[in-house]
Amino acid sequence: MLMSIRNAAWRSARLPILCYHGIAIDDEDQWDPSLYMSQHTFEGRMRFLKEGGYNVVPLREGLRRLYEGSLAPRTVVITFDDGNHDFHARALPVLRRYGFPATVYLTTFYCDFNRPVFAVFCSYLLWKAGANAARGAELVGVRTPLDFASGEGRLAVLDAINRRACEQGWTAEDKDGIARD
């Protein structure tokens, strides 16, 4: 079935774009698998593309060929969000090994302000801390009897932290200082 789908004529009028956010440096794939995957899993996906004879092209070329009607069979594009360090450390070596191009979207604010995204950092920190996260929440003025070891508890605390940041008008520098503390 897979063979018939990837070789179907209708595929020449469609350009699959494989969108990735990040490749785990440590355990980020266990914290939020919707954002991160392990390098091993990513490697397996790239191997599948290579062994399956997929034509991986840069985004600009793929779109140009799509609009021209000259898309080669099995053409796909690979993109990454944010251009974080994990792309360079984990994804790029795999892409180079397979000879695949990728488009990386950079968040320009974080090019100049080279710090973690506050909400993402807080979410990861709460997950890592589990039951001990109450202390981290208190550092930013959030007091709650929630169980930080549960996903629901972490989301509630993260929501409270984000509300507090908005209410207090925290700047990126303020958030960086809080994250550092």
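**Figure 1. Tyrosine 36 and tryptophan 31 in the predicted model.** Tyrosine 36 has a relative accessible area of 11% and is therefore buried (buried means under 20% relative accessible area, exposed over 50% and partly exposed in between, with a 1.4 Å probe and protein chains only). Tryptophan 31 also counts as buried, because its relative accessibility is 11%. The two residues form a tilted aromatic pair, with 5.9 Å from centre to centre and 40° between the planes. Rings of Phe, Tyr and Trp (its six-membered ring) pair if their centres lie within 6.5 Å; planes under 30 degrees apart count as stacked, over 60 as edge-to-face and the rest as tilted. The model is predicted, so local features need a pLDDT of at least 70 and side-chain atom pairs count only at pLDDT 80 or more, while totals for chains, interfaces and linings use all residues. Residues are numbered from 1 along each chain as its sequence is written, and side-chain values use heavy atoms, with hydrogens and water left out.

**Figure 2. The pair of tyrosine 20 and phenylalanine 42.** The structure holds ten aromatic pairs. In the pair of tyrosine 20 and phenylalanine 42, the ring centres are 5.2 Å apart and the planes lie at 85°, so the arrangement is edge-to-face. This pair links distant parts of the chain, since tyrosine 20 belongs to strand 1 (residues 17–20) and phenylalanine 42 to helix 3, 22 residues apart. Helices (H or I, at least four residues) and strands (E, at least two) are DSSP runs, numbered from the N terminus. Both tyrosine 20 and phenylalanine 42 are buried. Together with Phe80 and Phe87, Tyr20 and Phe42 form one aromatic cluster.

**Figure 3. The largest nonpolar core.** This core has 18 residues, and those with the most contacts inside it are Phe42, Met46, Leu49, Ile78, Phe80, Leu95 and Phe100. A nonpolar core is a set of buried Ala, Val, Leu, Ile, Met, Phe, Trp, Tyr and Cys residues joined through side-chain atoms within 4.5 Å. Two or more residues come from each of helix 3, strand 5 (75–80) and helix 5 (85–98). Helix 5 gives the most, with six residues. Not counting residues up to four places away in sequence, phenylalanine 80 touches several residues, including Tyr20, Phe42, Phe87, Leu95 and Tyr105 (contact means heavy atoms within 4.5 Å).

**Figure 4. Helix 7 and the second core.** The second, separate core has eight residues, among them Phe118, Cys122, Val157 and Ala165. In helix 7, the buried residues include Phe118, Cys122 and Tyr124. The twelve residues of this helix (residues 118–129) should span 16 Å at 1.5 Å a residue, and the end C-alpha atoms are 16 Å apart, which agrees; the expected span is 1.5 Å times one less than the number of residues.

Figure 5. Serine 38 is found in the loop between strand 3 (36–37) and helix 3 (39–51). Not counting residues up to four places away in sequence, serine 38 touches Ile23, Ala24 and Asp29. Helix 3 has the highest mean pLDDT among the elements of the protein chain (98), and helix 8 (residues 133–139) the lowest (58); pLDDT is the predictor's confidence in each residue, from 0 to 100.
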